[in-house]
Every structure is written in structure tokens, then in C-alpha cells.
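My entries follow the structure.

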Amino acid sequence: MDIKKITDKISVSPQITVDDITAIKDAGFRAIICNRPDGEGADQPSFDEIEGAAELAALKATYVPIRSGIVKDADVEAFGDALAQLPRPVLAYCRTGTRSATLWSFHESKKRPMPEILAATKAAGYDMNGVARRIANGGKTPTDTGDANFDVVIVGAGAGGVSVAASLQSRQSNLSIAIIDPADIHYYQPGWTMVGGGIFEASETAKTMGSLIPNGVKWIKAAVAAFEPENDAVILDGCRVVKYERLVVCPGLKLDWEAVEGLEETLGRNGVTSNYRYDLAPYTWQLVQDLKEGRALFTQPPMPIKCAGAPQKAMYLSGDAWFRNGRLKDIDIQFMNAGGVLFGVKDYVPALEHYVAKYGATLNYFHNLVSVDGPAKTATFKVAKPETEPETVTVDFDMMHVCPPQVAPDFVRVSPLADAAGWVDVDQSTLRHKSYENIWSLGDVMNAPNAKTAAAARKQAPTVAENVVADIAGRSPTAAYDGYGSCPLTVERGKIVLAEFGYGGVLKPSFPPALLDGTKPTRLAWFLKEKMLPPIYWKAMLKGKEWMAKPEKLKVAAE
């Protein structure tokens, strides 16, 4: 007997026998549903035999037989009726457990989001992606086979999605392209650090989505529910189906606030803030201005996160403000880093350490935030230093800037496109999916080992566009992404350490060292961040103008 738990209320299993009933009772189950028709296999016990043994064990048993491979709408209804009448927890079984897991998925589709259903069944060992379209249709058999068909479908209208659409158009203007994204507003997220430092206004970092979608590109304002790569289809909420010849996946990542106990309830009050949210970045600056004395915590979760330098950027700009207004001597700055280094590329560390010393900040490595008590103004960290027993420590604070844990979006994480960690599984050079040749990915959602920054997307978009167009023409990939990412580390108002690097931490400077040495704080780098990068983002990158971002040639193709 192999029982697979789906929720606390229901589990499924392959065929059971009369001899299993006692163990089922001992496991705490109160009822059994048989989903396997009698006589399907010569060696299976009949339902009457199972029911008789169940009655002797004081278990309820119900017969809801389902023919293999055929789950009718009426079957789902019958399964739901049985669940409603039986005491919980329930064990449902068939030959392998798949029919039972499928019935539960369809039954739950009216009240649970699809990613939750797919995740629960996947954890139990049953992949329901093949019936995702029906789950999206509330468990009922869909009648539509495709509401629209495009040459290229792009999931996500962030920096990567809009840029790759524009880059595709500039290469082949006759393509039918659709972008799928439910958001009304597009944000320039790199600007939020500057909002939290009192340099930008939040409104400067937002524009309406409709104003940015390239002319001629269809904007489908909807959320993605699932992918059907075997059918070249994207399933939207409500079971609308969008078909594609080629797919580009770039919906960004998910800020997992829920992973830290108590954090969501206290964000935006009790001195708890984050530059990772548009509505909270102004609160960061308010807290910095209001803090006269006390302790300020700045947290960084385990990698990967978008813009790995952003947690310490908040610390530097805050420290600089307190330095300038004479309050720094009365403020205890603590950097709580789940990792073991200040920055992943060692060439930039000396300049950063200089500012850590200037602001009197204490570096606490291997400290991962696990819970927050906002009203009490305490934060609890799991401390897991190498070769020591993990422990928890609780720290008081007067202000805390939090960088949340980050994961792939739910609908990506449970899809056939994801690797074991939940990220879209791509070749790190061509950005083509490793299993599906007509799918590409870029931006924060894919698993190439690069920094997750807007600057990385600026380089990735032309690479993807070049390779998609090559594929349309029947050629092999021609463009390569070298892992380039840029992290302008705002160490003080007016100076930036411009970190630029590729795969393996190899430095990738855009300017000669005589003009701009990125390993040192410079005013020129600040000028680029404050004055040049925003218009380059809005007026060049999102318009398909690939200034300093032309794709490199793939070495194999060049040879």
C-alpha cells in the first residue's frame, strides 16, 4: 500500500486490498472512496469485499467508479458529493491513484488556484499539467481548442517582455506577436532604491502599460494559469487558450513575503519597509528622515534575488543621510545577510567595505530572517554558520528594511517548463529551453546563473529576439548571452560603484577604466544612474533600440 497525501483531508493510493483496511484505519482515515470499476483487473478485490472489510473496521466506504482515461463532468460531481457526505480524512484509490488525484483536482478547481492544485498533486507524485486546461475551466470539459494564434507569444510585460517584443519587431515587422500580462502599470523597478533614498519620486518610476506595448503587438490583459508546451498553448484564467508557434517566458519572479512569519501584517508600519515594493519605497525615506536614534536593520535573504546589491544600497543611502544630518553616531546599523559574503564579485568588495566602515555598520553573515513582530519591533533570524549548530536570535529594531525571499511565479514553478528549483530551464548561452525547442526565456524567471537585473534583461532581449528570428528562418541559434549584469551600488548620494560582470564573476565594464573605474565609487556612475539610465530604459530599451546591447555571435555559429 502506497498512500500519497494531497491535503490533510484527502489522500490517494493505488489499488488497496482487504488486508490493508486495518492499516488504513490505524493511519487515521475515516472513509474510503473507490474510483476503480469492478472487474478492471483479474487480481483486484471487488468493491463489495472492500466495503465489507471497511464496515468491520468502522470505516465508511463509497463507490464512485471511473473508467480509465475518461473522467466525465458527472464523475466529478459524484466525487464531490461523496466527499461532502463522508467524514474526513478520506482515502481515495484506483489502479494507480491517478484517477483519484484527477477527480480531486477537478473538484477543487472552483475554489483553489491552479498552481496550488498542481503543486499539491505534484508533491503527491501525480502530474496534472496534462489536464490544466480543464482545471482552468472549473473542472468541466473544455469545448474550445484555441481562442487565438500568434507567431510569437510573450508571457510578461516587464522589462524583458516589452524589450523582446520591440526587438523582434525591429528584426521582422510582419510577425504576429502577443504579450500576456494582467497588470495596468509598468514599473521601472531599478528606480525604487532612489525613491527610498529620497532622490526620485515614486511617480517617476511608473507608466501605464498600454503606453509601452509596441504598436502592432496584441496585449492580452489576463493572467496565465498554465502552460501546455506539448500543444503549443498557454492557458489563461477562465480557460481561454492562446496558441503559439514560439513562446517567450519572462513574467519576472514572485516576492515571497509570506515566507517570513508576521512580515505581511506589518509592512508599511511599525518601522518595517522595503524598497522592493512601489508603495513602500517612499516609506523607507520617511523612516530614514524620522529616525533620530536607535537600531536600523537591513536584511538580505538567500539567493537568488533580483538586484543582489539592492539590500545594501538601501543601507548605504540611509547611512549617508544620517551621516549628513549628524545622526549617524546615534544609530546602530546592522546588515543581516543570509549569505556569507558582502558581494558575490570580489573586485567590488574593498570599495563597499570602505562604506561599511564609514557608516559604522555591523555585518552579520548567515542570518536569515524568519519572523517579524511588528508591534514589539523584534525580528527573529535563523543563524546557520558553517560547521556550527543552527540557532535563532531575536533582535530589537527601530527601523527595518526587508528584502523578501524570492521564488519563481507559482504558475511557472509547477509547470513542465521548470527545473527542480522552479525556474524556467534554459541553455545559459542561447536562452532556449532545454526541452522545448520553440520556447525561450529571459529576465528574472529563468535559471541561467547570472545576476537578476534590468541591465541583464537589456542584454538578453536582443539575444532572444535574434535566436527566435533565426529559428523562424530555419537556422540554428546565432546569438549568445554572456551572463552580463550590472548593479550600480549607490554607496552615497552622488557616488556609485558600478558593478558590471558576467558569468563566473568576470568583469564586463562598459567603459574604459580611465573614464570610469567601476571598482571605485565615482560621480560619473551616479550621473549615469540618476540622469541617463531612466531615459535609456523608457526610450531605448523598451523601444527595441539596442544601444550597447547588440547580441554577441554564438561561437559555434560563427565558426
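Entry 1, helix packing. Helices (H or I, at least four residues) and strands (E, at least two) are DSSP runs, numbered from the N terminus. H7 covers residues 159–171 and H14 residues 454–472; their axes lie 8 Å apart at an angle of about 45°. Axes are lines fitted to C-alpha atoms, for helices over the stretch in contact, with angles from 0 to 180 degrees between N-to-C directions. The two helices are therefore oblique to each other, a class left after under 35 degrees (roughly parallel), over 145 (roughly antiparallel) and 65 to 115 (roughly perpendicular). For contact (heavy atoms within 4.5 Å), I noted that H7 residues including Val 164 and Leu 168 meet H14 residues including Ala 461 and Val 468.

The model is predicted: local features need pLDDT of at least 70 and side-chain atom pairs pLDDT 80 or more, whereas totals for chains, interfaces and linings use all residues. Residues are numbered from 1 along each chain as its sequence is written, and side-chain values use heavy atoms, without hydrogens and water.

I found 14 aromatic pairs; rings of Phe, Tyr and Trp (its six-membered ring) pair if their centres lie within 6.5 Å, with planes under 30 degrees apart stacked, over 60 edge-to-face and the rest tilted. Tyr 187 and Trp 192 form an edge-to-face pair, 5.5 Å centre to centre and 65° between the planes. Tyr 187 is partly exposed at 29% relative accessibility, while Trp 192 is buried at 6% (buried is under 20% relative accessible area, exposed over 50%, partly exposed in between; 1.4 Å probe, protein chains only). The rings of Phe 343 and Phe 501 are 6.0 Å apart at their centres with planes at 80°, so this pair is also edge-to-face. Phe 343 lies in the loop between strand E17 (331–337) and helix H12 (349–358) and Phe 501 in strand E27 (residues 495–501), so the pair ties together parts 158 residues apart in sequence. Both Phe 343 and Phe 501 are buried.

I looked up Ile 33 in strand E3 (residues 31–34) and found Ile 33 buried, with a relative accessible area of 0%. Its C-alpha atom is separated by 8.5 Å from that of Phe 79, 46 residues apart along the chain.
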